[in-house]
Amino acid sequence: MAPSALLRAAALRRRARIAAALPAISSLIHSSTPPPSPSTYPNPAARCHLITLSRRPCQHPPSPTSASAAASSYYVNKILLPTSFSHPLSTSSRSKDTDTDKKGILPPPPVSWVERLLPEAARPYAMLARLDKPIGTWLLAWPCMWSITIAAMPGELPDLKMLALFGCGAVLLRGAGCTVNDLLDRHIDNKVERTKSRPFASGVLTPSQGVCFLGCQLLLGLGILLQLNNFSRVLGASSLLLVFSYPLMKRFTFWPQAYLGLTFNWGALLGWAAIKESLDPAVILPLYTAGICWTLVYDTIYAHQDKEDDLKVGVKSTALRFGDSTKQWISAFGAASIGGLALSGYNAELGWPYYPLLTAAAAQLAWKISIVDLSDRADCNRKFVSNKWFGALVFSGILFGRLAS
């Protein structure tokens, strides 16, 4: 037989085997049941073709005119890779999952000056005092600055020495408060995502080292306190009761943020006393109350970062107390804060520049409350940090109002 006749005969046999296999493949395509094993097909040609499709899917299909190529492609796309699952080479589903996991997680902080400049042995102590996160110092210092400036004589600048002393005192007292807080909360902090890297929770420092560091902070703070008048010394020393007891409040009440307000705004009382050697309730009580309400706003936003972890470990906060009504609550506290500041300025006879700047501070506070995403940890942290600008606006208003009075 001629070679061309042999080739034609071989081609006819291949076509016959493909034609015999196509009905079996078609039944698999239209069936919702899993493909049966090749052994169930008595036809050797069909069984051979099915094994080929299952074990070696074609990477570069033949011409579209080939029926077997079309069947193979459909089999791989519709049966081996059902539409209810993502293609294994696709990254779309993985990226969505990653985005979902990342929502609400704080991004890693940038390298701070503490890590860049301080020797390695000093870094844990600086981080314990939160020197790498100055926002707490600003929030503690602003009520002191407000009070000292209100107490200045009309038309004069505030006492710059007192501003400097209270600024240093804010750094020391805030650091001491953080040390006490971390000492008492070390067994809670290691269960909370945001705080598990703190020096005590991570084991970098021991409690005895922390107590020694706390003693140094309090000794330096005493040096500042002794430079004030006797009335201020007694008033300042009494604040230590609040500082040491605040970390325990979250174990007993859903209002630890209110207790923090009492503590953080003590400088509103102390600043006036350092200048006047007395307290004027008409000026200072509205100012102190305004500071407490302001603290309830920013620290409730801050507490929303930890609400899931707080539920797990059993600690309380206004974020858990207010729940879905948080924005209504902090809006009311924000309005009360602005009202208290306005009343204090009016009673202190501050000049007209105070009120436009207080309006700007109120707008900044309202903006923050209205747009904060309480389910996003990173956004809560950003809005919390932005409170330093609220304090700066109020201070500017008091300063220009006093100069204009």
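In which hand, left or right, does H7 cross H8?

1. The crossing of H7 past H8 is right-handed. This is taken from a predicted model, as is everything below.

2. Helix H7 (residues 135–150) packs against helix H8 (residues 160–184) with the axes 9 Å apart and an angle of about 150 degrees between them. Angles over 145 degrees count as roughly antiparallel, and H7 and H8 are therefore roughly antiparallel to each other.

3. On the H7 side the contact includes Gly 136, Leu 140, Cys 144 and Ile 148; on the H8 side it includes Met 162, Phe 166, Ala 170 and Arg 174. By class, the residues of this contact are 11 nonpolar, 3 polar and 1 charged.

4. Phe 166 is in contact with Cys 144 and Ile 148, and also with Leu 228, Leu 270, Gly 271 and Ala 274, leaving aside neighbours within four places in sequence.

5. The largest nonpolar core has 68 residues, and Phe 166 is among those with the most contacts inside it, as are Trp 146, Ile 150, Trp 294, Leu 341, Phe 390 and Val 394. Helix H15 (residues 281–303) supplies the largest share of this core, 12 residues. A second, separate core has 6 residues, including Ala 129, Phe 200, Leu 205 and Phe 213.

6. Leu 341 lies in helix H18 (residues 326–347). Its relative accessibility is 1%, so Leu 341 counts as buried. Not counting residues up to four places away in sequence, Leu 341 touches Trp 146, Leu 287, Ala 290, Tyr 354, Leu 358, Phe 390 and Val 394. Pro 286 is 55 residues from Leu 341 in sequence, with a C-alpha to C-alpha distance of 6.6 Å.

Methods
Residues are numbered from 1 along each chain as its sequence is written. This is a predicted model: local features need pLDDT of at least 70, side-chain atom pairs count only at pLDDT 80 or more; totals for chains, interfaces and linings use all residues. Side-chain values use heavy atoms; hydrogens and water are left out. Helices (H or I, at least four residues) and strands (E, at least two) are DSSP runs, numbered from the N terminus. Buried means under 20% relative accessible area, exposed over 50%, partly exposed in between (1.4 Å probe, protein chains only). Contact means heavy atoms within 4.5 Å. A nonpolar core is a set of buried Ala, Val, Leu, Ile, Met, Phe, Trp, Tyr and Cys residues joined through side-chain atoms within 4.5 Å. Axes are lines fitted to C-alpha atoms, for helices over the stretch in contact, and angles run from 0 to 180 degrees between N-to-C directions. Angles under 35 degrees count as roughly parallel, over 145 as roughly antiparallel, 65 to 115 as roughly perpendicular and the rest as oblique. A crossing is left-handed if the near helix is turned anticlockwise from the far one by less than a right angle, and right-handed if clockwise. Ala, Val, Leu, Ile, Met, Phe, Trp, Tyr, Cys and Pro count as nonpolar, Asp, Glu, Lys and Arg as charged, and the others, Gly among them, as polar.
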